[in-house]
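Please read the following points beside the sequence and the coordinates, as they are meant to be checked residue by residue.

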Amino acid sequence: MIEVNNLHKSFIDKKDKKNTVKALDGLSFTAKDGEITGILGPNGAGKTTCLRTLYGLLSADEGFATIDGISVTDEPLAARARLGIFPDKFGLYERLTAYEQIDYFASLHGMSGKSKKQAIEQVIDDLELADLAHRKTVGFSQGQRMKVTLAQALVHQPQNFVLDEPTRGLDVMSTRILRNHLAKFKAKGHCILFSSHVMQEVAALCDRVIIVANGTLAAQGTPQELCELAGEQNLEEAFVKLIGSDEGVAA
Amino acid sequence: MSHDLIQLKALVIKEYREAFRDKRALMVALMMAILAPIGIMVMSKIMIEKLVDEPPVYIKFIGTEHAPKLIKHFADSNLLDFADAPKDEQATWAQRNITIEIPTDYATDMAEGKPIKLHLQADFTDKAVQPPVRRINNAVRNFSMAIGYKRLLLRGVDVRLLNPVKLVEQDTAKPDATFMLISMMLGIYLMLAAFMSGLSVAIDSSAGERERNVLEMLLCQPVSTMKIVLAKLISASTVAVIGVLLILILTSVSVGFVDLTKIGATFSLDMSTAAVLLLLLLPICFFASACQLFVAFQTKSFKEAQSTVGILIGIPAFIPFVISMMDDRPQWLNWLPIAGQSMMIENIFKGVDVDWLAVFATSGVTIAITVALVLALARKLQSEKVVMALS
């Protein structure tokens, strides 16, 4: 379970005090186990800042974030151990093979010996990576890169799984693989937090949607509830309306 | 295996894999190592030729026709007939007037085994005449001994019987100034290699990883930044150590091909000297890699890292030069990294005994600074500034 409570974060320009960006302004939400929670928000709404706070890379000015009840500021390493991350800009170690890279991340999570080997083989099997496993990742297609990144994020079977715009640049087949995998993960009772700009995808996949605008929570609920709240037929229209006017949310 | 060890091992293995699969970076490290011994060999060869060069000596022979073999032997040692002297040198050799008279019954006396007297005439007090006379002396003695040995051999006598006592000369004189230059350059070169060899690996694993978008992912993992920095330091300095080691090995092998005794210089890179040099340079390798990582992690791009770290390389080349020009060196220089080591390396090549206390003092200071750099870098990687610079 991922909990974000009243997060505030400002980026202060040291030279020009007036030029301060308030990235998060009291953002709170909860992503529950056994659910896929989607984060929607326009560019610059504070999604990446929020996720980086969640990873423990940034420290909030106010408020806190917990992963399975562990504070990310007090025990960043313990919190991260319960987290699988699919970053927005995923790079691969191009001089390593896919297997070596997955092995590397498994070891970073403290796995070793037989259990590590089994876990790696399991995840390679799940993602149908066997053909690629022992090739160096340089020259991999976007879909293949996505699979390797997914494998490295999932190899330690994290209870919580955060994806930052994972379907960007993926073809239909790769998107489907990803979606199937997320559904399987959800069925096993894991907590999935998912940021995206593709409305259909969010509508189809997410149990609950959180809409973030101007660093704060604009609305939350099931896709259906959001549509009803905004009085629109589809999620895209509802989204535009919800972030566009505060009255819409208040109503 | 404990959790920490598993992580550190995985980090180090990954850094090694990346470093040793990066052929270009390794090439740089190895090129330096291979160039050093070649340069030293070529330079020493040229210097030896200059110093050992035997300029031609022109002698007025009387009765050359009686001893063609002797004349040929003289010619082989660059002792030539006055008649062959080039015009511009004729006057000087006419004035020196070195004359050798070969008796008319040379051939018959030689055949009968009777002693033959050659007469050498010259003004022995003339300084310019002394080296040629010494060379003539040597040439005649060698010629005479060669014939004598053959005569004994024909009679079945072991020629070694003629030399019951043999004098082995060991020159304890300091290597001459010109050769000092070579060893000093080797010292600077070694220092440079310690800085250069690990350079590309250090930049690639810091600024390079940031540019390839893998650093953020790594920082999000449940692993302390200390371990990350340590792993990168270990991998970069390993390459640096390999570079230095290669230079030491290749140099000690290649110096064997150059006969330095000809110029009275004794330069040998034996095992113990090489070991002391390595001991001195090991902390430098770590120090250099730590500096490079520290700088490269703070740059915004790979290119910026390359140019900024490039300036760092100037330090090891610059400091020894400055020190070699200083007449009275302050005591604290001994403690300074790079300065201390370069002075000690200079002393080693001069043949001065190693001051172990100074070695450990400099190494200690160097390692302490390295540790401080690592700690500071580990802290820096946790700061928001680094994270903000990620994208």
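**Notes on the two chains**

1. Strands β4(A) and β5(A) form a hairpin that leaves two residues between them, and in the turn D68(A) has a positive phi of about 50°. Strands here are DSSP runs of E of at least two residues, helices are runs of H or I of at least four residues, and both are numbered from the N terminus. The model is predicted, so to speak of local features a pLDDT of at least 70 is needed, side-chain atom pairs count only at pLDDT 80 or more, and totals for chains, interfaces and linings use all residues. Residues are numbered from 1 along each chain as its sequence is written, while chains are lettered from A and ligands numbered from 1 in the order in which they are written.2. Strand β4 (residues 62-67) of chain A is joined to β5 (residues 70-71) of chain A by two bridges in the antiparallel sense, with T66(A) standing opposite S71(A). Strand β4(A) is also joined to β1 (residues 2-11) of chain A, again antiparallel, through five bridges, and within this pairing H8(A) has E62(A) as its bridge partner.

2. Strand β3 (residues 36-40) of chain A is largely enclosed by the rest of the structure, because five of its five residues are buried. A residue is called buried if 20 or more other C-beta atoms, placed from the backbone, lie within 10 Å of its own, exposed if 12 or fewer do, and partly exposed in between. Both faces of β3(A) are covered, with I36(A), G38(A) and L40(A) buried on one side and T37(A) and I39(A) buried on the other.

3. Which strands pair with β3(A)? One is β8 (residues 191-195) of chain A, which runs parallel to β3(A) over four bridges, and there G38(A) is partnered by F194(A). Another is β9 (residues 208-213) of chain A, also parallel and joined by four bridges, where T37(A) has R208(A) as its bridge partner.

4. The largest nonpolar core has 146 residues, and A151(A), I211(A), L190(B), A194(B), V244(B) and L293(B) touch the most other members. Such a core is a set of buried Ala, Val, Leu, Ile, Met, Phe, Trp, Tyr and Cys residues joined through C-beta atoms within 7 Å. Helix α11 (residues 271-298) of chain B gives this core its largest share, 14 residues. A second, separate core of 13 residues includes I59(B), I71(B), F74(B) and I98(B).

5. Not counting residues up to four places away in sequence, the residues that I211(A) touches include L40(A), G41(A), F239(A) and L242(A). Two residues are taken to be in contact if their C-beta atoms, placed from the backbone, lie within 7 Å.

6. Chain B has 15 helices and four strands, and 32% of its 391 residues count as buried. Its C-alpha trace spans about 100 × 50 × 40 Å along the principal axes. The radius of gyration of chain B is 31 Å, whereas a compact globule of 391 residues would have one near 21 Å; the value is taken over C-alpha atoms, and the globule rule is 2.2 Å times the number of residues to the power 0.38.

7. The contact between the chains takes 24 residues from chain B and 22 residues from chain A. On the side of chain B that touches chain A, α1 (3-21), α9 (215-219) and α15 (384-388) each supply at least two residues, and the largest share, eight residues, comes from α1(B).

Technical notes
Pairing = 2+ DSSP bridges.
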